[in-house]
Amino acid sequence: MAQPIPEAAIQAIVEAGRRMAERNWVPATAGNLSVRLPGNRVAITRSGFHKAHLDAGAVMAVDLGGAPENPALRPSAETGLHCGTYRAFPEAGAVVHGHSIANTVLSRRAGDSIRLEGYELLKAFPGLPTHDAAVELPVLDNDQDIARLQRAVEARWARMAAPILPGYLIRGHGVYVWGPDMDAALARLEGLEFMLACEMASLSIGAAP
Ligand SMILES: [Zn+2]
């Protein structure tokens, strides 16, 4: 009999889903959220639930390979990307994924990264002590084969200089961001989405982003 999922992990996911829905970052049943649990377990949203209305029944447990503890339940289709992040970064405690207008539009017109430079909110990311910095946010091509997409993400990480930016875009699809806990992951997501919204606004007024 599997251990129950700790209430704190469920609450973190439920609350984060609500916050992301308020910002219109998880339309329809888009997006997924997870929290690392002790014992190489992950609590993650089940497939097909709207993130504005999550509850304990919408959260399930998988192992670090993405296998459900209860085989009758289906985890988010992109569980492999969450688990791949936890396997690669022992410090990752929560992973969030959303589909905003800004991250969808900008990733569609980008090359293999988006440069974010000179933003105060870059301070939200580790290893960047001042706003006077720049990051290259990776953009990966979308792929319905999640195992293959995760391999592409890992190949990109292998080419990046440390510290690895705790986030990436999937072209025409959405963003992945992680942090040591859900609050930190959400703060980074909000920072990143703000900067992407600024890039969008710059384009719409014809300014150089
Ligand atoms: Zn998605």
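User: Which residues does isoleucine 114 touch, not counting residues up to four places away in sequence?

Analyst: Contact means heavy atoms within 4.5 Å. On that basis, isoleucine 114 meets Leu106, Ser107, Val135, Glu136, Leu137, Val139, Leu169 and Leu196. Keep in mind that this is a predicted model, where local features need pLDDT of at least 70 and side-chain atom pairs pLDDT 80 or more, while totals for chains, interfaces and linings use all residues. Numbering starts from 1 along each chain as its sequence is written, and side-chain values use heavy atoms, leaving out hydrogens and water.

User: Which residues touch the most other members of the largest nonpolar core?

Analyst: A nonpolar core joins buried Ala, Val, Leu, Ile, Met, Phe, Trp, Tyr and Cys through side-chain atoms within 4.5 Å; buried is under 20% relative accessible area, exposed over 50%, partly exposed in between (1.4 Å probe, protein chains only). Here the largest core has 41 residues, and Val96, Ile114, Leu116, Met182, Leu192 and Leu196 touch the most other members. Helix H5 (residues 182-204) supplies the largest share of this core, seven residues. Helices (H or I, at least four residues) and strands (E, at least two) are DSSP runs numbered from the N terminus. Another core lies apart from that one, with 21 residues, including Val62, Ala92, Leu140 and Tyr168.

User: Val96 sits in S4, I gather. How many residues of S4 are buried?

Analyst: Five of the five, so S4 is largely enclosed by the rest of the structure. Ala94, Val96 and Gly98 point one way from the strand, with Val95 and His97 pointing the other way.

User: Which sense does S4 pair in, parallel or antiparallel, with S1?

Analyst: Strands pair if DSSP finds at least two bridges between them. S1 (residues 32-37) is antiparallel to S4 over four bridges, with serine 34 partnered by valine 95 of S4. S8 also runs antiparallel to S4, joined by five bridges, and tyrosine 176 in S8 stands opposite histidine 97.

User: Which residues coordinate the zinc ion?

Analyst: Donors are N, O and S atoms within 2.8 Å of the metal (3.2 Å for Na, K and Ca), and sites may look incomplete without water. The zinc ion here is held at 2.0 to 2.5 Å by Glu78 (OE) and by the NE2 atoms of His97, His99 and His173. Along the chain, the donor spacing reads E-x18-H-x1-H-x73-H. Histidine 97 is in strand S4 (residues 94-98) and histidine 173 in the loop between S7 (167-170) and S8 (174-179), so the pair ties together parts 76 residues apart in sequence.

User: Are histidine 97 and histidine 173 buried or exposed?

Analyst: Histidine 97 is buried, at 0% relative accessible area. Histidine 173 counts as buried too, at 11%.
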